[in-house]
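Thanks for coming, everyone. Please take a look at the structure before I start.

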Amino acid sequence: MKVIMEVRERHRPNLPIEAECIVPKNFVGPERTFYVWKGNKKLDIRDVFHIRRDGHANSVDKVEIIIRGDSSHIKRIGEYMDGGRITIEGDIGMHCGNFMSDGVIEIMGSADSWLGREMNGGKIICHGDAADYVGSGYRGEKRGMKGGTIEIMGDVGDFAGETLAGGEIVIHGDAGDMPGVDMKDGILVIRGDCSRACGNMTGGTCTVLGTVHDMLPTFRNEGTEQRGEHVLTKFSGDHISRGLGTLYINNFKYMD
Amino acid sequence: MSELLIKNGYVIDPLNDIHGEIMDIAVRDGRIVESVGNAADIIDAHGMLTLPGGIDSHTHICGTKVNFGRYMSPEDMRAGRTTRKGDMHATSGFSVPTTYGNSYRYSRMGYTTLLEGAMAPMEARHTHEEFQYTPLQDCMANTLFDGNWQALEAIGNGDIKRLAGVLAWYLTASKGFAVKLTNPGGTEAWGFGNDVSCINDKIEHFNVSPREIITGMIEANEMLNLPHSVHLHCNNLGKPGNYLCTLDTYNSIPDLNEKRQSLYSTHVQFHSYGGTSWHDFCSKAEDIARSVNNKPQIVIDSGQVMFGKTTTMTADGPMEFNLYRLYHNKWSNHDVELETGSGIIPVLYRRKNLVNAVMWAIGLELALLVDSPWQCILATDNPNGAPFVKYPEVMALLMSKKYRDAEFATVDPATESRVSLPALDRELDWEEIAIATRAAQAKALGLVDYGKGHLGIGADADIAIYPIDVSSTDPTTDYETIINGFSTTDYTIKLGHVVSRKGTCSIDNSNRTFWVRPRVPDNYDMNHDPAFIDCFNKYYSMRMANYPVQEEYAVRNICIETEATL
């Protein structure tokens with residue numbers, strides 16, 4: 001079953017809309033009405049989207065939601081998603097795939113901050129760039145993403161994989177400042193450059209195939225190691241917090 | 001004139017010797033009266049347990065350190081969110097909720113009076129501001145004196161009358177209610193990177209020991225004829241083997257007051273540890289309880305620990321530093337000029353952690369081993385041991401051996417060799433619970449004469465009506481009923497108004513702040529004392545004239561004036 005949701009032309013397209021109801025499990029079985037929030041106003045979802053349903057599904061895995069149009073300010077899509085598929089043809093707003101535990105979200109454009117925050121399972125593929133806090137935890141929490149996979153084809157902003165506690169994040173482009181900060185477990189791969197990687201990390205593995213700028217001095221250089229086709233420098237740390245994490249880096253530069 | 005008649009409630013009022021009678025309670029204009037007219041509103045409390053409004057005699061709900069707990073724990077704010085509903089504001093937070101969150105949740109449990117456990121006098125304004133936004137309870141605050149330079153100097157010189165003058169000035173200036181000592185001497189030593197190991201260590205510069213501070217303060221407190229006694233958080237909190245220090249402290253407490261205790265010892269669970277390290281850590285609740293049973297001059301509260309997430313906050317800075325070294329979690333530490341300090345750390349008490357399980361058992365042991373419920377008050381030192389919303393569970397644990405055994409089966413099995421809890425058969429009855437949750441507090445705080453903790457004629461009409469049918473409930477087996485019943489009242493009445501109805505609260509702007517103003521002779525009035533003024537000018541960052549909390553900060557207040565005998 002396909003649900004095609006086309007964002008209607010909006011009078012003020014920069015006002016964010018909170019649409020946590022857009023998740024495949026809500027489209028299983030008979031048709032229901034849903035509401036979204038714009039600021040403190042509650043709107044019928046049909047005021048924001050033109051919705052077309054093709055077919056009928058009785059299990060969540062058969063549902064595919066396709067979002068078209070300018071969805072760059074639609075937030076919380078795929079929150080608590082537990083199966084099925086969401087395809088976003090353009091850009092997507094903040095908090096996409098929060099807490100998701102299964103299923104696939106594919107974003108053809110770019111994603112805003114907090115993509116896959118605190119996710120537990122499933123897969124997110126983003127063909128463009130992603131902003132800050134990809135696969136991170138939330139304010140004050142000690143453990144962020146605990147399972148699943150996030151793959152970003154472009155660049156990401158700061159704090160990617162903050163408090164990462166499981167699962168895998170692969171970034172094909174560059175990452176910003178402090179990727180993997182407070183990382184507890186899991187795998188973080190950055191194929192481009194970044195700066196100050198993995199501060200305060202206590203576990204897990206981070207691989208940077210580009211250059212780490214402003215390398216933190218609290219990691220210990222353990223020599224080089226062959227990793228797949230690359231020869232990388234291995235670091236242990238972060239020793240400032242008795243860390244047992246591992247950092248594999250192609251190039252690194254300490255702060256002048 | 002508003003009149004209210006509560007009919008056919010099952011009333012327990014320990015202070016007036018009412019031990020479970022079906023009776024009516026008449027209320028006029030916020031007070032309990034003999035009878036009311038026919039036009040009175042009627043509440044049918046048939047088959048419901050009707051008690052005086054609950055009193056928490058040691059909780060941390062308002063003030064600078066509570067607020068710091070709020071902003072260093074955004075994850076806690078996320079944990080207990082409720083939306084706006086009718087008159088009720090939106091709230092958030094679990095262990096350190098917003099002021100409205102505290103007020104609604106306490107009111108829902110039938111609590112109408114709260115004592116903020118520790119207020120640094122210099123930061124008293126913040127506490128009083130938050131009291132205003134705790135709309136459904138009367139509040140009062142303990143004022144911290146553990147590291148007060150002027151007080152320590154008077155003690156060092158052996159001048160207890162001058163000490164009384166200093167206490168009087170600070171209590172009046174901060175609109176505080178009682179004298180609080182938190183790790184006396186220890187927080188002052190911590191300002192220089194040290195701590196005290198027990199009550200006989202001398203503190204640098206002032207050359208006084210915690211023992212001298214405690215006994216001196218008790219003497220001065222009684223000279224001022226204050227309603228409450230000295231409120232003490234002993235030295236060495238949370239260290240294995242600290243029970244010896246606690247016993248030593250208790251042994252030096254004189255009995256100076258006929259009406260109430262001379263020392264209120266708070267969160268004693270944290271002070272009843274045996275062993276020499278965390279490896280041989282064990283319960284010494286029996287020794288502590290025996291000491292308390294022999295000393296009518298001491299009242300304790302248990303400081304029960306319950307499993308789950310919470311936030312610890314205390315003026316005991318060095319203790320929080322030790323906790324930080326144990327958990328490596330985020331923490332904060334704070335120094336308050338010439339007075340005291342504080343520290344905050346979020347913690348998680350786990351069933352499967354041996355130390356945590358032993359702590360949980362010690363709190364229960366204390367409550368069961370202290371013979372008189374008047375001497376062992378039920379409290380969790382909210383939020384240090386657990387958020388106050390866990391009180392109903394604590395009550396059920398104390399009332400039901402079956403529930404205790406069921407819970408005990410879920411904790412670390414090694415606990416059994418460290419505690420005596422499984423051997424204790426005592427089960428508190430309804431009256432003992434009523435004493436340990438309201439009457440004993442009112443007596444210990446000296447507020448019986450001010451209409452708190454009882455339902456006699458002229459008392460404040462603070463009444464909690466719980467949906468528990470005592471005749472058909474066996475607390476030893478129906479512990480679920482106990483927990484549910486004590487969690488949400490059918491009616492919580494505050495000064496004659498229903499402020500909470502089955503958990504839905506309404507606005508009631510009759511909350512008041514209680515504070516004390518001891519009158520001292522002119523030669524002990526610190527306002528005109530050159531040495532006191534000189535110390536202020538030299539060391540405080542604040543002018544003495546700007547220091548006292550203005551009337552505006554305590555909008556509806558009840559000032560308890562006492563005449564000092566100096």
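Predicted model: local features only at pLDDT ≥ 70, side-chain atom pairs only at ≥ 80, totals over all residues.

Chain A. Start at strand β1, residues 2-7. On one side of the pairing list is strand β6, residues 64-68 of chain A. β1 and β6 run parallel, and five bridges join them. Within that pair, Ile4(A) stands opposite Ile66(A).

β1(A) also pairs with strand β5, residues 49-54 of chain A. Here the strands run antiparallel, with six bridges. Met5(A) stands opposite Ile51(A) in β5(A).

Now the two chains. How many residues of chain B are in contact with chain A? Four, and they meet four residues of chain A. The chain B side divides into one nonpolar, two polar and one charged residue.

On to chain B. The domain assignment gives two entries. Domain 1 covers 3-52 plus 454-505. Domain 2 covers 63-449. Their C-alpha centres lie 29 Å apart. The contact between them takes 29 residues from domain 1 and 29 residues from domain 2.

Which elements build the domain 1 side? β2, β5, β19, α16, β20, β21 and β22 of chain B each supply at least two residues. Which gives the most? That is α16(B), residues 479-487, with five residues.

Last, the make-up of that side. Domain 1 of chain B brings 15 nonpolar, 12 polar and two charged residues to its contact with domain 2.

That's the tour. Thank you.

Definitions and conventions
Residues numbered from 1 in each chain as written. Chains lettered and ligands numbered in written order. Pairing = 2+ DSSP bridges. Helix = DSSP H or I, 4+ residues; strand = E, 2+ residues; numbered from the N terminus. Contact = placed C-beta atoms within 7 Å. Nonpolar A, V, L, I, M, F, W, Y, C, P; charged D, E, K, R; others polar. Domains from an automatic or database assignment.
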